[in-house]
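Subject: Structure handover

Hello,

Here is the structure for your files. My notes on it follow below.

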Amino acid sequence: MSASSDAPADDAADDAADDAADDAADDAADDAADDAAGAPGETRASAAATDLLGDADLDQAVTRVEQELGRLFARIRIGWREAAATVHPDLQPLGYQVLTSIATGKATSAGAIIERLQTDKSAVSRQVRQLEQLGLVESVPDPQDRRARVLVATDLAQERVALARSRYEGRIGERLRNWTAADLDHFADLLAGLGG
C-alpha cells in the first residue's frame, strides 16, 4: 500500500487520537483534582476504602480504563510514527524504538533489544540491519569483552533522535501545561500502580 493511500486514514486517525488523548488527559486531571479535594483530613487511603466498587461497577470501570488506554496507545503509536519519520523517512516505528533503545544505552545487543521491546528476533534483526544501512547504528567491539560486539548510535542518530524527542516532548508538554505538579505526580502514580 502506498503512503499516499494511507494519508486520509492516517489524518483521521491522528485527529481522533488527538481528541482522545485530550479527553483522556482532561478526565485524568479532573479525577486527580477530585481525589485531592476530598473531605478535610481525609486521606486517599481512607477515601479509597469507602469507594470500593461492586462487581458491576468494577466491570464498567475496567471497560472505561481499557477504552482510555486504547486511545492513549493509539496516540503513542502515532507519536512513534512521527518520531520515526523525523529521524528518517524510511524508518518504521519499531525501528525508532530499536534506535532509541540503542541511543540511550538501555539495550545495546540484539538479545537486550528483544527483551526490552518484547518482540521477535527476526524483526529486531531487520530493524538493526536497516539502521546500519541508514548510517544510524554501528556494531563495535564491546569495551568490556573484545570478543563481543555492541550496537552504538552514530552522531547523526543522536542528533536526529534528540530532534524527534524534543518535538514529541513539546507536544506532550502542551497537553500537560495546565496540570498541577500534584496532578502529574498522582497520574504517574496511578499509571505505575496499573503497570506494576
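Is arginine 171 buried, exposed or partly exposed? Arginine 171 is partly exposed, with a relative accessible area of 33%. On this scale buried means under 20% relative accessible area, exposed means over 50%, and partly exposed is in between, with a 1.4 Å probe and protein chains only.

Some notes on the source. This is a predicted model, in which local features need pLDDT of at least 70 and side-chain atom pairs count only at pLDDT 80 or more, while totals for chains, interfaces and linings use all residues. Residues are numbered from 1 along each chain as its sequence is written, and side-chain values use heavy atoms, with hydrogens and water left out.

Overall layout

The protein chain has eight helices and two strands, where helices (H or I, at least four residues) and strands (E, at least two) are DSSP runs numbered from the N terminus. Read from the N terminus, the order of elements is α-α-α-α-α-α-β-β-α-α. The chain has 196 residues, of which 25% count as buried.

Salt bridges

The whole structure holds six salt bridges, a salt bridge being a side-chain nitrogen of Lys or Arg within 4 Å of a carboxyl oxygen of Asp or Glu. Glutamate 82 makes one of them with arginine 171, with the closest N and O atoms 3.0 Å apart. Because glutamate 82 lies in helix H3 and arginine 171 in helix H7, this pair ties together parts that are 89 residues apart in sequence.

Glutamate 82 also meets arginine 75 in a salt bridge, at 3.4 Å from N to O. Glutamate 82 is partly exposed at 27% relative accessibility, whereas arginine 75 is buried at 11%.

A further salt bridge joins arginine 147 to aspartate 145, with 3.1 Å between the closest N and O atoms. Arginine 147 is exposed, at a relative accessible area of 76%, and aspartate 145 is partly exposed, at 28%. Through shared partners, salt bridges join Arg75, Glu82 and Arg171 into one network.

Nonpolar core

The largest nonpolar core contains 21 residues. Such a core is a set of buried Ala, Val, Leu, Ile, Met, Phe, Trp, Tyr and Cys residues joined through side-chain atoms within 4.5 Å. The residues with the most contacts inside this core are Val87, Leu91, Tyr96, Leu99, Ile102, Ile113 and Leu131. Two or more residues come from each of helix H3 (55-87), helix H4 (93-103), helix H6 (121-133), strand S2 (145-153) and H7. H4 gives the most, with five residues.

Surface patches

Glu132, Glu138, Asp155 and Glu159 form a patch of negative charge on the surface. Patches are made of residues with over 30% relative accessible area and no salt bridge, with like charges joined within 9 Å and nonpolar side chains (Val, Leu, Ile, Met, Phe, Trp, Tyr) within 5 Å. Asp and Glu count as negative, Lys and Arg as positive, and His and the chain ends are not counted; the place of a charge is NZ of Lys, CZ of Arg, CG of Asp or CD of Glu.

Aspartate 155 belongs to helix H7 (residues 155-176) and is exposed, with a relative accessible area of 69%. Aspartate 155 and leucine 136 are 19 residues apart in sequence and 7.8 Å apart in space, C-alpha to C-alpha.

Leu53, Leu58 and Val62 make a nonpolar surface patch of about 240 Å², the areas coming from the Shrake-Rupley method with a 1.4 Å probe, where for residues only the protein chains shown count as cover. Valine 62 sits in helix H3 and is partly exposed at 40% relative accessibility.

Regards
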